[in-house]
Amino acid sequence: MNALDFIIANSPIFAVAIPLLGAFLTPIFGRINDKLRNIFAITIMIITTSIVFILAYDVITNGIRTYIFGAQDLTLPVVRILFEVDAMSSFMAIISVVLALVALIYSWAFMKENTGLDKYYTLLLLMTAGMLGMELTGDMFNFFVFLEITSISSAALVAFWINKGKSVEAGFKYIVISTIGALFVLFSVALFYGQYNALNMAIIAHSIQFSFLDKIALVLLIGALAMKAGIVPLHMWLPDAYSKAPSSITLILVGVTQASLYGLLRVCFTIYGKMITLSSISIGWILVLFGIVTILLGVIMAIAQSDLKRLIAFAAVGEIGYMILGIGTGLVTMSPDISAAGLTALKGGIFHIMNDALDVGLMFLVAGAIFYATRETSLDRLGGLARNMKYTTVFFIIGLLAVSGLPPMNGFASKLLIYESTYQLNPILAIIAILSSILLLAIFVKVLHSAFLGPALPRFNEVKEVPKSMLFAMAIIAGMIIIFGIFPDIVVNNIVEPAANALVDNAGYISKIMSLAGGA
Amino acid sequence: MLPFESLLKTLQTGSGFWNPLIWIVAIIVALLVVLIIRGFGKKDYKKGTTQTQAFLSGNPEYDKENMHIKGSNVYWGFSEIMRWIIQLLKKMHNGNVSDYVLWFVIIIAILFLSIIIPAGAI
Amino acid sequence: MIFNFPFIAVAALIIVGLYAVVFRKNLIKMIIGITIIESGVNLFLITLGYREGSIAPIYTSSPGGIMSLPVPQALTLTSIVIGVAVLALMLSLVIHIYRHYNTLDVRKIGGGEE
Amino acid sequence: MSGMSKIVKTITNVAIPFILIYGIYVIAHGHLTPGGGFQGGAVVASGLVMIMVAYGSVWTMEKIKEKNLSMLESLGAFCFILLAFLGLVFGSVFFNNYLVGSNSLFGTVPAAGSGLADISTAGIIPLMNFAVGLKVIAGLFAIVLVMAYAITKKEAKE
């Protein structure tokens with residue numbers, strides 16, 4: 001067995017274990033030298049990223065992968081922890097690692113003046129490991145554990161600037177909300193375990209009966225994961241946490257939110273996949289309703305904000321609504337097989353997960369750059385920054401075009417898929433979505449005007465362009481936005497469509513484990 | 001690795017298609033038209049004359065710094081009309097974590113009713 | 001009937017905990033509420049693995065007979081460990097909140113959000 | 001928190017070896033009896049917290065730096081992951097219990113059915129218990145120590 005085969009065979013576990021290993025080695029390197037520690041963290045993340053890409057390539061070409069912990073083969077009843085990676089998982093994992101890598105590069109200069117950076121890097125790597133674990137695991141209890149790992153480390157990072165009261169307060173809110181959500185997830189896991197004697201997602205999905213207890217579990221899982229994913233009206237922690245965290249952390253928080261959204265999809269499409277297609281069950285419509293409310297509230301609140309990061313956070317809430325709208329439309333049309341329009345909506349929703357991460361992420365990075373240069377986040381006191389921060393302005397304009405869904409950026413491609421397919425479900429949905437997209441444009445034009453344009457303000461005469469590592473991080477994301485915008489077809493055909501098909505095909509997901517266990 | 005033709009393929013949306021390259025060509029053409037139209041007026045523009053000064057209905061121009069419209073004043077009219085709903089929504093985001101959890105309980109209750117009742121008897 | 005009692009206790013604990021989180025205004029009391037919810041969930045897990053008249057699942061010098069299921073106990077243990085970490089993080093954040101605001105009243109610390 | 005009276009300090013000095021030994025016993029027998037890394041670690045950490053209460057957090061902080069504790073904690077976690085990786089190296093699967101049946105340390109396969117326990121069984125599980133125990137001791141003690149120290153500093157300032 002050569003080295004590449006070895007890496008491919010063990011890639012699911014490497015994706016989680018290497019950041020974990022790196023997290024605990026970081027303090028040791030931090031004792032030697034600050035620069036060495038940063039290089040070490042970035043190296044670890046580059047290794048993780050390449051492993052995730054190898055894994056994703058392997059999954060998309062060869063189908064679902066499983067990895068059993070501690071043994072070569074599986075016996076019934078399945079008590080072993082196992083990872084099950086399909087195209088959807090690997091799609092989400094790619095987003096998470098890319099965001100984490102960019103955040104690490106960005107942190108180099110952005111967090112330089114802070115103390116306690118050993119802990120910062122440790123927690124950041126832990127958070128990445130937790131996110132990847134949530135996305136790759138095939139076990140409900142393991143999902144809960146990784147959910148908690150992610151929550152704890154990200155809450156600690158939200159409150160990283162402990163000298164600011166607001167940051168600590170936002171971190172506290174985040175951990176309270178996350179813990180309550182995670183406890184209800186655990187309660188649902190216990191309900192499954194009590195009925196089916198299984199913790200594995202595929203086995204639960206195989207034997208699910210949709211009894212009364214299953215309905216309770218479904219309600220609790222949807223509620224808890226929707227809260228973690230920031231769906232209105234459970235989103236209120238999100239603007240607080242996003243706006244008070246350091247910008248590099250906010251970028252990963254976007255990924256954490258989407259990992260929770262992935263959990264929601266896993267629950268709806270895989271675990272309840274057999275039952276969701278029954279006409280008496282209206283989960284699809286519930287998601288569509290959630291999506292519309294989320295879009296509307298996000299954009300209306302964003303218009304009224306005067307704090308830059310809080311404004312972007314509400315715009316991010318609106319963007320989450322688009323994903324939910326697309327995915328909910330896909331779910332509505334499943335009876336029992338998905339229609340062509342439904343598949344388009346699902347593709348749009350999944351593609352928008354990636355685009356939202358890039359667009360909103362770039363916006364947060366720009367907001368962080370403005371904060372780094374001017375120590376100011378209020379739009380009322382900013383102005384004329386384009387004179388001194390040329391590159392940041394260019395990146396902001398790219399992000400503006402992308403986030404408000406203007407062609408030819410990537411945001412347009414995914415939103416177009418969502419508009420066209422929701423129009424076939426109900427025209428009003430598409431109209432609301434398009435109008436909100438226009439409002440998003442208005443919101444960010446306001447930011448462009450009040451922060452970057454306008455006369456030079458004397459108090460910002462000394463402002464300089466941000467350091468190179470921050471510019472480089474922004475350039476990576478801006479480059480991806482442009483490439484995905486000009487060639488949306490590559491992404492949709494190679495990554496998004498397998499992910500959508502994998503999500504719909506829950507029979508394949510179940511039979512993989514069943515054939516492995518030799519039963520049924 | 002990727003064949004060149006795959007870059008030129010269009011994104012099918014079920015009821016239509018989207019090809020950014022055509023769009024970019026259209027944008028370049030539009031920019032050229034704009035440039036040509038701009039060229040017509042360019043020779044009338046003279047620097048250093050009163051032509052370049054701001055005209056505010058005959059009022060004197062303020063300091064440059066005071067001329068900048070602040071972030072919360074942009075879209076003033078729009079937010080004035082939407083005031084009632086914005087005030088309502090802002091009241092919702094009161095920063096109190098107890099209320100956040102209360103919303104969670106309410107949503108769980110609503111979801112519970114909406115999933116249990118249509119499915120009929122327990 | 002008597003074997004349903006733990007499940008009633010689980011429901012009671014979760015409701016009491018949620019009540020404390022929602023209606024108590026002191027941050028420490030809210031944290032206590034979260035811990036009560038966690039105890040409820042842990043009790044539920046433990047109860048699932050219990051069988052009437054069973055012994056603890058330890059093989060060392062075991063007296064024989066049916067054993068209760070060890071998997072839920074392992075899950076509970078993991079959940080307790082996570083609970084300790086969450087509790088520590090929440091308490092240390094509360095210490096910092098108290099330093100900044102000089103109060104633990106949840107209505108006073110959240111004010112001033114736009 | 002400054003130190004407490006001489007009586008408390010003396011009693012602490014007498015009691016602490018027993019608490020530590022009990023905690024280490026619980027860690028070492030984690031694969032045979034109820035207990036394991038977390039439980040034993042919590043016992044040891046509470047013993048250390050007793051020292052902190054008796055002698056005061058400022059004194060303890062001077063003797064044991066918080067930085068060293070977090071290094072120890074990282075070391076514990078690192079050993080745990082390393083053992084899992086060794087499973088990959090020697091047994092071709094992550095977390096593989098490669099020591100079982102190797103007749104080396106902890107490598108004996110126990111007889112089937114109930115009976116008296118043999119401590120030299122269970123493969124890498126006792127080793128992992130020690131790693132977790134180290135992490136829990138350092139982690140829990142660091143949490144309590146830092147919290148107490150922070151509150152003491154706050155009181156001293158006022």
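This is a dialogue on reading a predicted model with several chains.

Colleague: What should I know about numbering and thresholds before I start?

Modeller: Residues are numbered from 1 along each chain as its sequence is written, while chains are lettered from A and ligands numbered from 1 in the order in which they are written. The model is predicted, so local features need pLDDT of at least 70 and side-chain atom pairs count only at pLDDT 80 or more, whereas totals for chains, interfaces and linings use all residues.

Colleague: What is pLDDT, and what does chain C average?

Modeller: pLDDT is the predictor's confidence in each residue, from 0 to 100. Where pLDDT is low, the predicted coordinates should not be read in detail. Chain C averages 85, and 94% of the residues score at least 70. Confidence in chain C is lowest in helix 4 (residues 106–109), at a mean of 81, and highest in helix 2 (residues 27–48), at 92.

Colleague: How many helices and strands does chain A have?

Modeller: Helices (H or I, at least four residues) and strands (E, at least two) are DSSP runs, numbered from the N terminus. Chain A has 19 helices and two strands. The radius of gyration is taken over C-alpha atoms, and the globule rule is 2.2 Å times the number of residues to the power 0.38. For the 520 residues of chain A the rule gives 24 Å; the radius of gyration is 22 Å, close to that value, so chain A is as compact as a globular protein of that length. The C-alpha trace of chain A spans about 75 × 60 × 40 Å along its principal axes.

Colleague: Which share of chain A counts as buried?

Modeller: A residue is buried if 20 or more other C-beta atoms lie within 10 Å of its own, exposed if 12 or fewer, and partly exposed in between, with C-beta atoms placed from the backbone. Of the 520 residues of chain A, 69% count as buried. Helix 12 of chain A is mostly covered, with 25 of its 25 residues buried.

Colleague: What span should helix 12 of chain A have?

Modeller: The expected span of a helix is 1.5 Å times one less than its number of residues. Helix 12 of chain A (residues 308–332) should therefore span 36 Å, and its end C-alpha atoms are 36 Å apart, which agrees.

Colleague: How many helices and strands are in chain D?

Modeller: Chain D has five helices and zero strands. Of its 158 residues, 38% count as buried.

Colleague: How do I read contacts, within a chain and between chains?

Modeller: Two residues are in contact if their C-beta atoms, placed from the backbone, lie within 7 Å. Taking contacts between residues at least 6 apart in sequence, 80% of those in chain A join residues at least 24 apart; in chain D the share is 67%. Five pairs of chains touch, and the most contacts are between chains A and B. Chain B and chain D do not touch, their nearest C-alpha atoms being 24 Å apart.

Colleague: What makes up the side of chain B that touches chain A?

Modeller: 46 residues of chain B are in contact with 56 residues of chain A. On this side of chain B, helix 5 supplies the largest share, 12 residues. For residue class, Ala, Val, Leu, Ile, Met, Phe, Trp, Tyr, Cys and Pro count as nonpolar, Asp, Glu, Lys and Arg as charged, and the others, Gly among them, as polar. The side of chain B that touches chain A divides into 29 nonpolar, 13 polar and four charged residues.

Colleague: How many residues of chain D are in contact with chain C?

Modeller: 12 residues of chain D are in contact with 13 residues of chain C. Helix 5 (residues 124–157) of chain D gives the largest share of that side, five residues. By class, the side has nine nonpolar, two polar and one charged residues.
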